[in-house]
Amino acid sequence: MKKFVFATNNAHKLEEVKDILGNKIEVLSMGDINCHADIPETADTLAGNALIKARYIYEHYHMDCFADDTGLEVEALNGAPGVYSARYAGDAHNSEANMKKLLQELEGVENRKAQFRTVFALILDGKEHLFEGIVKGEIVKVRKGTSGFGYDPIFVPEGYSQTFAEMGNAEKNKISHRAKATQKLCKFLKSI
C-alpha cells in the first residue's frame with residue numbers, strides 16, 4: 001500500500017481525508033513522522049499555500065506527500081475571506097470569531113452566494129500536481145448544527161437545506177469541496 005504524508009496540523013482535516021480515502025492509501029500525519037513544524041502559509045493563493053506545505057515535507061523528510069489549503073469565497077465580499085479564511089478575524093484561527101466577523105460583514109446584504117474551494121498539492125517522486133474541488137452554496141444568517149468545523153455551521157451547499165454542520169461528516173464527505181479534490185487526487189493515484 002502506498003504511503004503519503006498529509007501535511008496538516010488540523011486533526012479534523014486529517015480525519016475527513018482518511019474517511020474519504022478509506023483503506024486505498026495509507027495516510028500519515030505530520031506527527032506520525034515526528035514533524036511538529038508550524039509551516040507558515042505565506043502565499044496569496046490556495047495553491048501557493050498547499051505547495052509551500054507539501055514542499056516542506058518533501059524537502060525535509062523525503063517522503064511523498066500532499067497538502068491542501070481551503071478557502072471560503074463570498075461573492076458579495078469579492079471572494080473574501082478566501083486564502084485568509086482560517087485567520088479572517090485574526091491570527092488565532094478562531095472559528096467562532098471568523099464566523100461572527102463574516103456574518104457582521106454580510107448584515108443587510110442580499111447576495112449571500114459563496115463557495116468553498118480546496119486545492120491539494122501532491123508531490124509524488126519529486127513531481128508536483130494540483131487538484132481542485134469546489135462546492136457552491138450560500139451563507140445563512142444564523143448558525144445551525146454542531147458537526148464539522150470552520151464555517152460549516154453557516155454554509156448551505158447548493159441543492160440542500162442543511163448546513164454542513166447539520167449534515168454530519170458522512171454526508172458532508174460525499175459532496176464537500178475537500179471530497180471533490182480528494183476524489184481527483186485518488187483517481188490520479190490509482191492511474192499511476
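Predicted model: local features only at pLDDT ≥ 70, side-chain atom pairs only at ≥ 80, totals over all residues.
Student: Which residue of β4 is the bridge partner of Leu-72?

Tutor: Strand β4 covers residues 81-82 and runs antiparallel to β3, with two bridges joining them. The two strands form a hairpin with six residues between them, and Asn-78 in the turn has a positive phi of about 55°. The partner of Leu-72 in β4 is Gly-82.

Student: Which residue of β3 stands opposite Phe-6?

Tutor: Strands β1 and β3 run parallel and are joined by two bridges. Phe-6 lies in strand β1, residues 3-6. The residue opposite Phe-6 in β3 is Phe-66.

Student: Why is β3 described as largely enclosed by the rest of the structure?

Tutor: In a regular strand, side chains alternate between the two faces of the sheet. In β3, one side carries Cys-65, Ala-67, Asp-69, Gly-71 and Glu-73, the other carries Phe-66, Asp-68, Thr-70, Leu-72 and Val-74, and all of these are buried. Strand β3 is therefore largely enclosed, the buried count being 10 of the 10 residues.

Student: How many aromatic pairs does the structure hold, and which residues do ring pairs link into a cluster?

Tutor: The structure holds eight aromatic pairs. One of them joins Phe-6 and Phe-120, with 5.9 Å centre to centre. The cluster linked by ring pairs consists of Phe-4, Phe-6, Phe-66 and Phe-120.

Student: Is the aromatic pair of Phe-6 and Phe-120 stacked, edge-to-face or tilted?

Tutor: Planes under 30 degrees apart would count as stacked and planes over 60 as edge-to-face. For Phe-6 and Phe-120 the angle between the planes is 45°, and the pair is tilted.

Student: How many residues apart are Phe-6 and Phe-120, and are they buried or exposed?

Tutor: Phe-6 belongs to β1 and Phe-120 to strand β5, residues 113-124, so the pair links distant parts of the chain, 114 residues apart. As to accessibility, both Phe-6 and Phe-120 are buried.

Student: Which ring lies under the charged end of Lys-101?

Tutor: The charged end of Lys-101 is 4.4 Å from the centre of the ring it sits over. That ring belongs to Tyr-88.

Student: Is Asp-125 buried or exposed?

Tutor: Asp-125 is found in the loop between β5 and β6 (127-139). Beyond residues up to four places away in sequence, Asp-125 touches Tyr-58 and Asp-64. Because its relative accessibility is 60%, Asp-125 counts as exposed.

Student: Which backbone nitrogen does the side chain of Ser-176 reach?

Tutor: Ser-176 is placed in the loop between α5 (169-175) and α6 (177-191), and it counts as buried because its relative accessibility is 0%. Leaving aside neighbours within four places in sequence, Ser-176 is in contact with Glu-16, Val-135 and Phe-164. At 2.9 Å, its side chain reaches the backbone nitrogen of Ala-179.

Student: What distance separates the end C-alpha atoms of α6, and what span should its residues have?

Tutor: Among the buried residues of α6 are His-177, Ala-181, Leu-185 and Leu-189. At 1.5 Å a residue, the 15 residues of α6 should span 21 Å, and this agrees with the distance between its end C-alpha atoms, 22 Å.

How values were computed. Residues numbered from 1 in each chain as written. Heavy atoms only, no water. Phe/Tyr/Trp six-rings, centres within 6.5 Å; stacked < 30°, edge-to-face > 60°. Helix = DSSP H or I, 4+ residues; strand = E, 2+ residues; numbered from the N terminus. Buried < 20%, exposed > 50% of the residue type's maximum accessible area, 1.4 Å probe, protein only. Lys NZ or Arg CZ within 6 Å of the ring centre and 35° of its normal. Contact = heavy atoms within 4.5 Å. Polar contact = N/O pair within 3.5 Å; in protein donor to acceptor, adjacent residues only side chain to side chain. Expected span 1.5 Å × (residues − 1). Pairing = 2+ DSSP bridges.
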